[in-house]
Amino acid sequence: MAGDRSRYRLLCSACGAVLLAISVFLPWYGVSLTEHGVAVVGQVGDQIAAQFGNSSLQSEMGAMHAHLAGLAGQQLTALTAHQALREMNVVLLVVAALALLDALVALVRTVSPLPDGAGAAVVLLGSVATVCVLYRIVSPPTPQAGLLALSVREGAWLAMAGSLMMVVSGLWPRSSASPPTIQAQVHDTWSGLSGWTPGG
């Protein structure tokens, strides 16, 4: 049915908007030390030990260099979009809220069938979110001085999935040709055989 199809489309749009909103608070980037960062940390430790420490502290710092070298490339912590993307996270939340509102307002309508334009704004909102998320996946924020490196985590991919769900559901055909009912088929068959139509 055309109305049911439109409601499924709007429900998928709402689910995509919810996924996008949730993803903002999930880890988007893993943070790790670069080789340059490990070297800088080691140099700072050597300077502190040489200036304020004794010989035993200096020897401990030498042993710590081997441990620091093993930390290069290993994830130390994770950042959410809320932490790493100060402005874009607000944009994504606003887009998700508007898309959810657009879909839910059409879903709660008591009038049936739904209008053809119901939920159409979700396509535009989903496209905006997709471009923003894709940009931050391809070009993550660059930490200063090259001491840290960021790797893409599951939050960014969930945001991409939610954004694409919004776009695809918005482009979902709003109507489909419904098959003729049994009564209509019998009527057509009888008319063709007898040449007589009811009320004729």
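**View 1. Ser163 inside helix α7 of a predicted model.** Let us start with one residue of this predicted model. Ser163 is part of helix α7, which runs over residues 154–171. Is Ser163 buried or exposed? Its relative accessible area is 0%, and because buried means under 20%, Ser163 counts as buried. Which residues does Ser163 touch, leaving aside those up to four places away in sequence? Its partners are Leu20, Gly126, Ala129, Thr130 and Val133.

**View 2. Glu154 and its salt bridge.** Helix α7 covers residues 154–171, and this view turns to Glu154. Here Glu154 forms a salt bridge with Arg153. The closest N and O atoms of this pair are 2.8 Å apart. How many salt bridges does the count give? The answer is one. Glu154 has a relative accessibility of 39%, so it counts as partly exposed, the class between under 20% and over 50%.

**View 3. Helix α5 and its buried side.** Now look at helix α5, whose 20 residues are numbered 88–107. Which residues of α5 are buried? They are Met88, Asn89, Leu92, Val95, Ala96, Ala99, Ala103 and Ala106. Because these residues cover an arc of only 135 degrees around the axis, they sit on the same side of α5.

**View 4. Residues 176–182, a stretch to read with care.** Over residues 176–182, pLDDT stays under 50. How many contacts beyond four places in sequence does the model have for this stretch? It has two. Where pLDDT is low, the predicted coordinates should not be read in detail. For the protein chain, the mean pLDDT is 74, and 56% of its residues reach 70 or more.

**View 5. Stepping back to the protein chain.** To place the close-ups, here is the wider picture. The protein chain has eight helices and three strands. Along the sequence, their pattern reads α-β-α-α-β-α-α-α-β-α-α. What share of the 200 residues is buried? Buried residues make up 30%. Of the contacts between residues at least 6 apart in sequence, 87% join residues at least 24 apart.

Notes: Residues numbered from 1 in each chain as written. Predicted model: local features only at pLDDT ≥ 70, side-chain atom pairs only at ≥ 80, totals over all residues. Heavy atoms only, no water. pLDDT = per-residue confidence, 0-100. Contact = heavy atoms within 4.5 Å. Salt bridge = Lys/Arg side-chain N within 4 Å of Asp/Glu carboxyl O. Buried < 20%, exposed > 50% of the residue type's maximum accessible area, 1.4 Å probe, protein only. Helix = DSSP H or I, 4+ residues; strand = E, 2+ residues; numbered from the N terminus. Expected span 1.5 Å × (residues − 1). Arc of directions from axis to C-beta.
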